[in-house]
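Hi everyone, thanks for making time this morning. I'd like to walk you through one protein model, starting with the whole chain and then stopping at a few residues.

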Amino acid sequence: MDTDFRVDFPTLGDLIDAWITRHCRQPDGPLRGKPFHLSDWQFWVAANRWRIRDNARFVPADEVTVDNPMVLNQAFVYRQTLTAAPQKTGKGPCTASFVAAEACGPVVFDGWAKAGDVYRCSENGCSCGWSYRYNPGEPKGRRHPSPLIQMTANSEDQVENMYRPLKAMILLGPLKGMLKVREGFIRIIQPGADETVADLDLDRIDIVTSSARSRLGNPITDAEQDEAGLYTKTNGMINVADTQRRGAAGMGGRTHAWTNAWDPTENSYAQRVYESGSGDIFVFYRNPDLDTGLRSKDGTPFSFQRKSERRKILQWVYSGSPWVDLESIEAEASEMMKTDPAQAERFFGNRLVQGAGAWLADGLWQGAYAGA
């Protein structure tokens, strides 16, 4: 894993990061209503999520035809992303800000900037007055012409982890002029759209869960798959994720999975994505068993059972999430270690540890991933 987060490649990440800060608001806590800022690891995910191919083809909007379609997902290096991080690192609000960008931000490749080129909100359906001056040669962005987004989780409670902060971000700032929170979905208002078109709800953000799949199978532009480490064949969520991936491919869209560390005996969707090894899948996962600084003198990974070593693991996996109180996390981890140590390591230590009752020998998966 790159630890210096060096962005030396073309990406819409800088533009979208600035757009998020301008348009998204802190959803809760003492900074509620203040501009939402991506932390270093969140920006790293954004930079790679919207990384542009060096040879990306560009079709100007006025030249788009059936035979000469707009370039959508093929402008990007990665068709999928997977972010695995411990609890309370900010995955939910980060996902919410990315969804807001996918809905009404500059997420479509719009060619390469020349000197003097500027992105203006006034030209993209937003009245906030913000603008962004491109550097020459930087990739430009524009709004998606027909976004259809699905926010996905195994249950209603889980999907609220990202849907609730999204609603707050909309209602607390300028997004409420472009996104309308309705009962069970969010309407996306396109620039210049009249009420007749808007009332059709063609462009929207929907919720998909294991018990609410009515829109599954629709062609979509983006799917955010929360807690993908809990998607299994048994609960039917692997089929949901696979269906979304196919639906996105048909619309030039992409899918993005978010999760805590998973139980490696369950063969979850997150595990399948992680182990696929595909070059067009971006993975952000701070696996403490792969960091040489988190090993004992004999080369074995630090033990989560030992408080001093557990603290070093927590400091490493929560780096870049300054809102996290490590004393509070340590207290929760220590308490959970008494009843479910495997879950404590997954939730807080970001480790791939099998659950109770699994048949694999302890340490087998950890050793495989650590190269032991």
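Of the 372 residues in this protein, 55% are buried. Please keep in mind that what you see is a predicted model.

How many helices and strands does the protein have? The count is 11 helices and 12 strands. The radius of gyration is 21 Å, close to the 21 Å that the globule rule gives for 372 residues, so the protein is as compact as a globular protein of that length. If you like to picture a box, the C-alpha atoms fill one of roughly 65 × 45 × 45 Å along the principal axes.

Now, how does the chain meet itself? Take the contacts between residues at least 6 apart in sequence: 73% of them join residues at least 24 apart. As for charge, there are 43 positive and 47 negative side chains, and the centres of those two sets lie 2 Å apart.

Let's zoom in on a helix. Which residues of α8 are buried? In this helix, which spans residues 307–317, they are E309, R310, I313, L314 and V317. Looking down the axis of α8, you find its buried residues within an arc of 140°, so they line one face of the helix. Part of the cover over them comes from α9, residues 326–339.

You'll find R22 in helix α1, which covers residues 13–23. Is R22 buried or partly exposed? It is partly exposed, with a relative accessible area of 34%. Leaving out neighbours within four places in sequence, R22 contacts C128, W130 and P174.

D206 sits in strand β9, residues 204–208. With 4% relative accessibility, D206 counts as buried, because the cut-off for that is under 20%. Its contacts, again setting aside neighbours within four places in sequence, are L148, I149, Q150, M151, F185 and R215.

On to N73, which lies in the loop between α2 (40–49) and β1 (80–84). Although in a loop, N73 is buried, at a relative accessible area of 16%. Which residues does N73 touch, beyond those up to four places away in sequence? They are A249, G252, G253 and R254.

I'll finish with two backbone details. Most residues other than glycine have a negative phi. Against that background, have a look at N267: it is not a glycine, but it has a positive phi of about 55°. N267 belongs to the loop between β11 (254–259) and α7 (269–276), and it is partly exposed, with a relative accessible area of 37%.

The other one is N350, also not a glycine, with a positive phi of about 60°. N350 is in the loop between α10 (341–347) and α11 (364–370). Where N267 is partly exposed, N350 counts as buried, at 0% relative accessibility.

Technical notes. Residues numbered from 1 in each chain as written. Predicted model: local features only at pLDDT ≥ 70, side-chain atom pairs only at ≥ 80, totals over all residues. Heavy atoms only, no water. Helix = DSSP H or I, 4+ residues; strand = E, 2+ residues; numbered from the N terminus. Rg over C-alpha atoms; globule rule 2.2 N^0.38 Å. Buried < 20%, exposed > 50% of the residue type's maximum accessible area, 1.4 Å probe, protein only. Contact = heavy atoms within 4.5 Å. Lys, Arg positive; Asp, Glu negative; His and termini not counted. Charge placed at Lys NZ, Arg CZ, Asp CG, Glu CD. Arc of directions from axis to C-beta.
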